[in-house]
Amino acid sequence: MVELQAIGKWYGHHQVLKNCSCQVREGEIVVVCGPSGSGKSTLIKTINGLEPVQEGVIRIKGRSIQDGGPDFAKLRASVGMVFQHFELFPHLTVLQNLTIAQKVVLGRDEKAAVEKALLLLEKVGMAGHRQKYPSQLSGGQQQRIAIARSLCMDPFLMLFDEPTSALDPEMVSEVLEVMRDLAQEGMTMMVVTHEMGFARNIADRILFMEDGAIVDNTDAHSFFAGAPSERAQLFLSRIL
Ligand code: ADP
Ligand code: MG
């Protein structure tokens, strides 16, 4: 479903992604971990075209996303992205947050958009909050709304960039719960997270990044059974 081939990216003279190659198969859950500044966010942003690359090829469902063209916007709309800081529209209600892109990007009418939104609010346990504004919700609730908003676009791939790291500890599990449900339903996911308990539960594969490179790409079972590189082990020993 996703294929990165020898990706290289620079910010000015600073190379932030170095020869990164990996694949995500349909239905697979890939967790990306590694120290701060190692390029995790940049890597997943390249996948939905938020960050252009200077080297290598990125294919989604077999098609290069660098070619542009009319299908590109559609392809990109099918890749959901959830960030650390929810990035909901503060001046819109929860329901409006969930319907606006459906209407503007997918051209759905109000009725269809609202129907979809209510379905997904139900799914993340937030149906009772549809008329509230983001500022009236806790961080965990806002993040669940952000996930529901992404899902309204019928994505075939979800990218998560540290979705729980801005949350108070007691709110982490409600968000992980939603993600775990998604994973169990077969959603293809790429998740940057330091929640190693979560990774152990749901990940199929772990990518470990360091200094712009993917230094480990291991099936989750071997990773947690102690197979990762020394550098990954050192990292794990610091955060666990
Ligand atoms: P991570 O998510 O693993 O913490 P990032 O992908 O955010 O790492 O960053 C990788 C490197 O790229 C870091 O050295 C960071 O300082 C640099 N970087 C990230 N975004 C930018 C930017 N917009 N301009 C310049 N440098 C950036
Ligand atoms: Mg990051």
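Modeller: Here it is. The shell around ligand 1 divides into two nonpolar, seven polar and one charged residues. Keep in mind that this is a predicted model.

Colleague: Which residues surround ligand 1?
Modeller: Ligand 1 has around it Y11, V16, G34, S36, G37, S38, G39, K40, S41 and T42.

Colleague: And which helix gives the most to that shell?
Modeller: Helix α1, residues 40-47, gives the most, with three residues.

Colleague: OK, sheets. What is the strand order in the open sheet of six strands?
Modeller: The order is β6-β7-β8-β3-β9-β10, and the pairing is mixed. β6 (79-82) and β10 (213-219) stand at the edges with a single partner strand each, so one side of each has no neighbour in the sheet. From one strand to the next the twist averages 15°.

Colleague: Which residues make the contact?
Modeller: From α5 the contact has G139, G140, Q143, R144 and I147. From α6 it has M171, E174, V175 and V178. By class, the contact of α5 with α6 counts four nonpolar, three polar and two charged residues.

Colleague: What about α3 against α5, at what angle do they pack?
Modeller: α3 and α5 pack at an angle of about 25°, and their axes are 8 Å apart. Angles under 35 degrees count as roughly parallel, and α3 and α5 are therefore roughly parallel to each other. Their crossing is right-handed. The contact is made by V94, N97 and L98 of α3 with I145, A148 and R149 of α5. Its residues fall into four nonpolar, one polar and one charged.

Colleague: And α3 with α4, what is the angle there?
Modeller: Helix α3 (residues 94-104) and helix α4 (residues 110-123) pack at about 130°, with axes 9 Å apart. That makes α3 oblique to α4. The crossing of α3 and α4 is right-handed.

Colleague: Residues, please. Which ones make that contact?
Modeller: On the α3 side they are L95, L98, T99, Q102 and K103. On the α4 side they are E110, A113, V114, K116, A117, L120 and L121. The contact of α3 with α4 divides into seven nonpolar, two polar and three charged residues.

Colleague: Back to strands. What is the order in the open sheet of four strands?
Modeller: That one is ordered β2-β1-β4-β5, with antiparallel pairing. The edges are β2 and β5 (63-64), each with a single partner strand, so one side of each is left without a neighbour in the sheet.

Colleague: How many bridges join β1 to β2?
Modeller: Seven bridges join strand β1 (residues 2-11) to strand β2 (residues 14-24), and the two run antiparallel. W10 stands opposite Q15 in β2.

Colleague: And the hairpin of β1 and β2, how many residues sit between the strands?
Modeller: There are two residues between the strands, and G12 takes a positive phi near 60°.

Colleague: Last one, how many bridges between β4 and β5?
Modeller: Strand β4 (residues 55-60) and β5 pair over two bridges, in the antiparallel sense. R59 stands opposite S64 in β5.

Conventions:
Residues are numbered from 1 along each chain as its sequence is written. Chains are lettered from A and ligands numbered from 1 in the order in which they are written. This is a predicted model: local features need pLDDT of at least 70, side-chain atom pairs count only at pLDDT 80 or more; totals for chains, interfaces and linings use all residues. A residue is near a molecule or strand if its C-beta atom, placed from the backbone, lies within 6 Å of it. Ala, Val, Leu, Ile, Met, Phe, Trp, Tyr, Cys and Pro count as nonpolar, Asp, Glu, Lys and Arg as charged, and the others, Gly among them, as polar. Two strands pair if DSSP finds at least two bridges between them. Axes are lines fitted to C-alpha atoms, for helices over the stretch in contact, and angles run from 0 to 180 degrees between N-to-C directions. Two residues are in contact if their C-beta atoms, placed from the backbone, lie within 7 Å. Angles under 35 degrees count as roughly parallel, over 145 as roughly antiparallel, 65 to 115 as roughly perpendicular and the rest as oblique. A crossing is left-handed if the near helix is turned anticlockwise from the far one by less than a right angle, and right-handed if clockwise.
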